[in-house]
Amino acid sequence: MATQTDSMLTTSSLLSDHVDMRRVTGDLDEAIADRNAIVQLDPDHPGFRDPEYRRRRNHIAQIAMNYRPGDPIPDAPYTNEEHQVWSVIWKALRPAHHEHACAEYLQAIEQLNFSDDRIPQLREVNERVQAISGFRLEPVAGLVQPRVFLENLADGVFLCTQYIRHHSTPLYTPEPDVVHEIVGHGVTLACPRLAELNRLFGEAIKRTSSADKLEQLSRVYWFTIEFGVLRENGSLKAYGTGLLSSAGEMEEMHKADLRPLDLNTASNEKYDPTHFQPVLFGADSFAEMYQTLREFLLKW
């Protein structure tokens, strides 16, 4: 996101919320870091000057660093203040979902049955998602290299952070936090057809070695899994995780330049992750989106 100090955060800028930065990198010489590399807070991060927040972040990160795949997922010891942050976000997201989210997402989020006033533990969400689609959610300490993150999707594994954004900016976060992870990705992975598309993206990444092709695939991922929209009964609805985890993004998507779902065109469309998205690619239905993207990934 564009960097801002706390004093500069206005009501409208807070609604910028989150854009997922774990996109595919075209740098093939970049070493793939360990999945538990901890992200360093930028000086403009809302929690940078809050030693207690940084201590909490490190504590939750340590839980993930001690985790071994296949073990039970330890609960994160969230504070009352952190649960209150979730409550503020959820009060903004719940009505936004009913107005802007696609039917498939609404059905999945009803099955997961999140509490209004308590951050769901990753263990709980994982059990429900795995029972529906077979996908596993596994904790990581912070951001991992994009290729590591995406290739894990091929194995039905979503690497998930557990920390929550700083309490001073409940509707803004400069990196993926537990809200984006669970409300965005977690819920869509409880949709069997969206879970399948995530697996196919991971498999496509594994088959890709060209830097140019990786960049093209990254753009398709961005304009579908992250910022995909479609039509339902004549209304524009969201199925992308970057939209569904942000009330502000869902509101702004109606102002975007909406283009037909041409994935070859999308693969060459540039985007800026620091602003609301000015261009979106929309399908005429969920079925059209699923079939078009599935065929594209299988042929990749």
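In the predicted model, the side chains of strand 6 are divided between two directions: V279, F281 and A283 point one way, while L280 and G282 point the other way, and all are buried. Strand 6 spans residues 279–283, and because five of its five residues are buried, the strand is largely enclosed by the rest of the structure. A residue counts as buried when its relative accessible area is under 20%.

Strand 6 has pairing partners in strand 3 and strand 5. Strand 3, made of residues 229–232, pairs with strand 6 in the parallel sense over two bridges. Within this pair, V229 stands opposite G282 of strand 6. Strand 5, made of residues 257–260, also pairs with strand 6 in the parallel sense, here over four bridges. The bridge partner of R259 in strand 6 is F281. In general, the strands of a sheet pair through backbone hydrogen bonds, and the pairing is either parallel or antiparallel.

These strands belong to an open sheet of four strands, arranged in the order 4-3-6-5, with mixed pairing. Strand 4 (235–238) and strand 5 stand at the edges of the sheet, and each has a single partner strand, so one side of each is left without a neighbour in the sheet. On average, neighbouring strands of this sheet are turned by 45 degrees against each other, direction ignored.

The loop between strand 3 and strand 4 contains N233. The phi angle of N233 is near 50 degrees, which is a positive value in a residue other than glycine. With a relative accessibility of 85%, N233 counts as exposed, because the cut-off for an exposed residue is over 50%.

A further pairing involves strand 1 (residues 136–139) and strand 2 (residues 157–160), which run in the parallel sense and are joined over four bridges. In this pair, E138 stands opposite L159 of strand 2.

Empty space within the model was examined next. In general, rolling a probe the size of a water molecule over the atoms shows where empty space is left. The count of cavities of 30 Å³ or more comes to two. The second largest cavity has a volume of about 30 Å³. Its lining consists of R57, I60, A61, A64, V140, A141, Q162 and Y163. By class, six residues of this lining are nonpolar, one is polar and one is charged.

Pockets, unlike cavities, are open. The second largest pocket has a volume of about 190 Å³. The residues lining the second largest pocket are W90, R94, H97, H98, L106, I109, E110, N113 and F114. Helix 3 (80–100) and helix 4 (103–112) are the elements that give two or more residues to this lining. Helix 3 gives the most, with four residues. The lining of the second largest pocket comprises four nonpolar, three polar and two charged residues.

One of the residues lining this pocket, N113, lies in the loop between helix 4 and helix 5 (122–133). The phi angle of N113 is near 55 degrees, again a positive value in a residue other than glycine. The relative accessibility of N113 is 58%, so this residue counts as exposed.

A contrasting case is L194, which is located in helix 8 (residues 192–206). At 3% relative accessibility, L194 counts as buried. L194 and R294 are 100 residues apart along the chain, and their C-alpha atoms are separated by 9.8 Å.

Terms used: Residues are numbered from 1 along each chain as its sequence is written. This is a predicted model: local features need pLDDT of at least 70, side-chain atom pairs count only at pLDDT 80 or more; totals for chains, interfaces and linings use all residues. Side-chain values use heavy atoms; hydrogens and water are left out. On a 1 Å grid over the protein atoms alone, a cavity is a set of points where a 1.4 Å probe fits but cannot get out, and a pocket is an open set with protein on both sides within 12 Å along at least five of seven lines; lining residues have an atom within 4 Å of a point. Grid points are joined across faces, edges and corners, and a volume is the space filled by probe spheres set on the points. Ala, Val, Leu, Ile, Met, Phe, Trp, Tyr, Cys and Pro count as nonpolar, Asp, Glu, Lys and Arg as charged, and the others, Gly among them, as polar. Two strands pair if DSSP finds at least two bridges between them. Buried means under 20% relative accessible area, exposed over 50%, partly exposed in between (1.4 Å probe, protein chains only). Axes are lines fitted to C-alpha atoms, for helices over the stretch in contact, and angles run from 0 to 180 degrees between N-to-C directions.
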